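Hi everyone, thanks for making time.

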Amino acid sequence: MFTGIGTCLMQQNNLEVMSISDPITAVGLRSLSPFLQSDSCILGDLNIILRLGYAEAAALVDALKGNKSLSTVNLLRNATDAGCWSEFSKLLCDTSNINN
């Protein structure tokens with residue numbers, strides 16, 4: 001179902017805010033990578049409204065690597081555990097994308 005969604009979103013070059021809610025799997029989150037990692041992505045705000053397990057958190061972190069446009073990622077009403085936060089800390093501590 002989500003195969004190619006990232007590629008389709010790349011055609012939406014004016015998308016500045018996106019909200020993602022249940023049901024979406026790690027596969028669905030990972031499919032957002034082409035869009036989120038694209039140089040043409042102008043997405044500024046990403047709202048995540050779902051229960052993140054470890055697999056979903058790892059997929060989201062992978063999808064967000066290399067993103068240069070996001071200023072806000074809202075993890076609204078997320079029930080996450082230490083393993084999930086460990087994945088996000090890897091992304092937050094990676095300064096390679098700051099000011100690039």
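I'll start with the core, then turn to one glutamate and finish with the salt bridges.

A quick note on conventions: this is a predicted model, where local features need pLDDT of at least 70, side-chain atom pairs count only at pLDDT 80 or more, and totals for chains, interfaces and linings use all residues. Residues are numbered from 1 along each chain as its sequence is written, and side-chain values use heavy atoms, with hydrogens and water left out.

The largest nonpolar core has 24 residues. By that I mean buried Ala, Val, Leu, Ile, Met, Phe, Trp, Tyr and Cys residues joined through side-chain atoms within 4.5 Å. Buried is under 20% relative accessible area, exposed is over 50%, and partly exposed is in between, with a 1.4 Å probe and protein chains only. M18, I20, L29 and L46 have the most contacts inside this core. Its largest share, 6 residues, comes from α4; helices here are DSSP runs of H or I, at least four residues, and strands are runs of E, at least two, numbered from the N terminus.

Now, is E87 buried or exposed? E87 is buried, at 7% relative accessible area, and sits in helix α5.

Finally, the whole structure has 2 salt bridges, meaning a Lys or Arg side-chain nitrogen within 4 Å of an Asp or Glu carboxyl oxygen. D62 pairs with R30 at 3.6 Å between the closest N and O atoms. D62 is in α4 and R30 in α2, so this pair ties together parts 32 residues apart in sequence. K65 also bridges to D62, at 3.3 Å, and R30, D62 and K65 form a linked network.
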